[in-house]
Amino acid sequence: MLNSLPPAFVFMLGALFMAIARREARATILLLVPALGLLHLWTMPDGVRISASILDLELVLYHQDRLSFLFGVLFHVAAFIAGMFSLHVDRPGQHVACLLYAGAAIGAVGAGDLITLFLFWEVMAVSSAYLIWGRQTKRAWRAGMRYLLWQMVSGLVLLAGIAVHYAATKSIAVTTLGLDVPGGWLIFLGIGTKACFPLLHTWLVDGYPEATPTGAVWLSSFTTKAAVYAMARMFPGTEMLVVIGAVMAAFPIFYAVIENDMRRVLGYSMINQIGFMLVGVGIGSELGINGAVAHAFNDVLFKGLLFMSMGAVLQQTGRIHASDLGGLIKSMPWTARFCMVGAASISAFPLFSGFVSKSMVMSAATDAHLYWVWFILLFAAAGVFHHAGIKIPFFAFFGHDAKIEATDPPRSQVVAMATAAILCVLIGCFPGLLYGLLPFDTDYSPYDTTHVLTQLQLLFFSALAFTWLQRSGLYPPELHSTNLDTDWFLRRPALNGWGRLAERGRGWIDGTARGARAWLMVSDRRARSHSGGYGVLTRTWPSGAMMVGVGVLLFVYLVLYYVRA
Amino acid sequence: MSAQHSHDHHGAAPTDDDDPVPPVVHHAEHDFTGPLSPGVASLLRWFGGACILLFVFDFLVERKTHAPMEQLPGFYPVYGFVGCVLLVLLAKELRKFVMRDEAYYDKRGKR
């Protein structure tokens, strides 16, 4: 019986319970749902398929293989950690959105057909927008709207692709598609938007930094990783992904260096990490896919950890800009420590999780003789350390002491950060734990002398560059600013166009409103004069008049009936 | 800027005054070119020593290489350093093109 319950539905049921639960039960539900869900997932037999049929279509609500199982496990773990981090928040609506979002992501990676995938993806889009709106500022409201618009448009492109594909092939199976199948390009672009393809990436760096401190942790875990899963499932070995991934790994780090908002820095660094994953998927070798998937797994943990630590900083100090922060190590020591574990992991320091997965993608690139890609990825790897590994902890917790009065966040949040940090170190020290879950069997070993030495050289000299640039005053100062990105082409005309329209329309709107108000007052006065005991509108009619009325109505109906016949 | 800013608001323009951000008291000037405290200075000395050691190791350890550039002695340290310096200097140039004031998207008109 339980084996026919798709894992996503555990979260949907949980969201339902959350919506009606008493306050005392909410924390329990938030933690119990991912825990029970993981148990449920783990006990499912291998290769299980749960299907339902609607309108001649057989929908596969859940199918399990090693790839979907790994992402399923990952999303349950991420939901548990993020749930722990959100435990103290007393807003059931936000909790419901979180559970729906996580559940839909689990559904999307378990979907065996494109329709189910699309439906879960739309649930993800809508529920996740609430995590941005939850900030309850005008700015967040607008950012959430833009975010939702991007998600909806990419969803429609995906749907169009599915429709074209189905019309031509009569198949909706989620399987290796490639670009050459009918509708392949549309599906590729639809998923690509969610994976932050260059030029289509701005929804992430626009939306995520405006989310609530806890909401950003949820957001960072699911949408883009589900997109990486979909790419690995449907477009492995697509050469274009190598180019796209290399661009994504390189260009955001320039923005990350000059960005002041710490969570936006993390957003840019996230695009950079997805770049690594897409390169792995694009290479398409067993090592490449394994590397991409392993890196997605690790990224959820260390990026979640970094988003948690910066969320904690925002929540405890009310500030998030590098220029306003500094010296928090004294007042928020635990947050600082866990942040540094996350920073070491994303920078791929030996013994931390990034090291054991990033190197797989790099090795896959050299094995495929894609040396130019390897060259760019190496630059990106050094750059990540520069902006995410050093810049974030340095400006928040060290650097200039901004003398901010703050404390570490509530204990549940510290525990959430500790859990993620422990997992980062555990995977870094015992990569076998993760490698055993990967889609292809592997005997890859990241810990050899060359690899450890070269990685340390790269990172230490990258840090040396940071030190030298800071000491010589060449490092650009952190400034409150807006850095234009490609969404300028949409937002600027929209802003100007709407503003002009509002200005031109203002006279007309004001005049009409005044006229309407006057008309309402006059009609109100007239209506009043006809009310009361003898007024036309409120006088008592004899019941006989009603009978006559009904009789006339029936007669007209009869006549019309004959006319029609 | 703030005086001009208030003129630009046409009622509909969103402001951040509903954001619960306390006013920034210490606007930190992040300048690290000055003299160092003894603790930081000794940390930097250790760090410099580690860098030299890692560079020297390049010539002591037999590296397994895959890419042609990798075979150059000192490739990783040099690439790490030069790459990051270039990254920062180019990003600094990028600012000239993309940097606008913070309320850029809250205001109308060509700017």
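1. Start with the interface in this predicted model. Chain A and chain B bury about 6,800 Å² between them. Carbon and sulfur atoms give 66% of that area. The contact involves 75 residues of chain A and 68 residues of chain B.

2. Three residues deserve a look on the chain A side. A:Phe461, A:Arg471 and A:Arg492 supply 10% of the area that chain A buries against chain B.

3. Next, the charged pairs. The rule finds one salt bridge across the interface of chain A and chain B. A:Asp448 forms a salt bridge with B:Lys64. Their closest N and O atoms are 3.6 Å apart.

4. Now turn to a helix pair within chain A. Helix α13 covers residues 286-317, and helix α15 covers residues 353-367. Their axes come within 8 Å and cross at roughly 155°. Angles over 145 degrees count as roughly antiparallel, so α13(A) is roughly antiparallel to α15(A). The crossing of α13(A) past α15(A) is left-handed.

5. Which residues make the contact of these helices? On α13(A) they include A:Leu287, A:Gly288, A:Ala294, A:His295 and A:Phe302. On α15(A) they include A:Val356, A:Lys358, A:Met360, A:Val361 and A:Asp367. The residues of the contact of α13(A) with α15(A) divide into eight nonpolar, nine polar and two charged.

Key: Residues numbered from 1 in each chain as written. Chains lettered and ligands numbered in written order. Predicted model: local features only at pLDDT ≥ 70, side-chain atom pairs only at ≥ 80, totals over all residues. Heavy atoms only, no water. Axes fitted to C-alpha atoms, helices over the stretch in contact; angles between N-to-C directions. Helix = DSSP H or I, 4+ residues; strand = E, 2+ residues; numbered from the N terminus. Parallel < 35°, antiparallel > 145°, perpendicular 65-115°, else oblique. Left-handed = near helix turned anticlockwise from the far one by under 90°. Contact = heavy atoms within 4.5 Å. Nonpolar A, V, L, I, M, F, W, Y, C, P; charged D, E, K, R; others polar. Buried area = accessible area lost by both parts, 1.4 Å probe. Salt bridge = Lys/Arg side-chain N within 4 Å of Asp/Glu carboxyl O.
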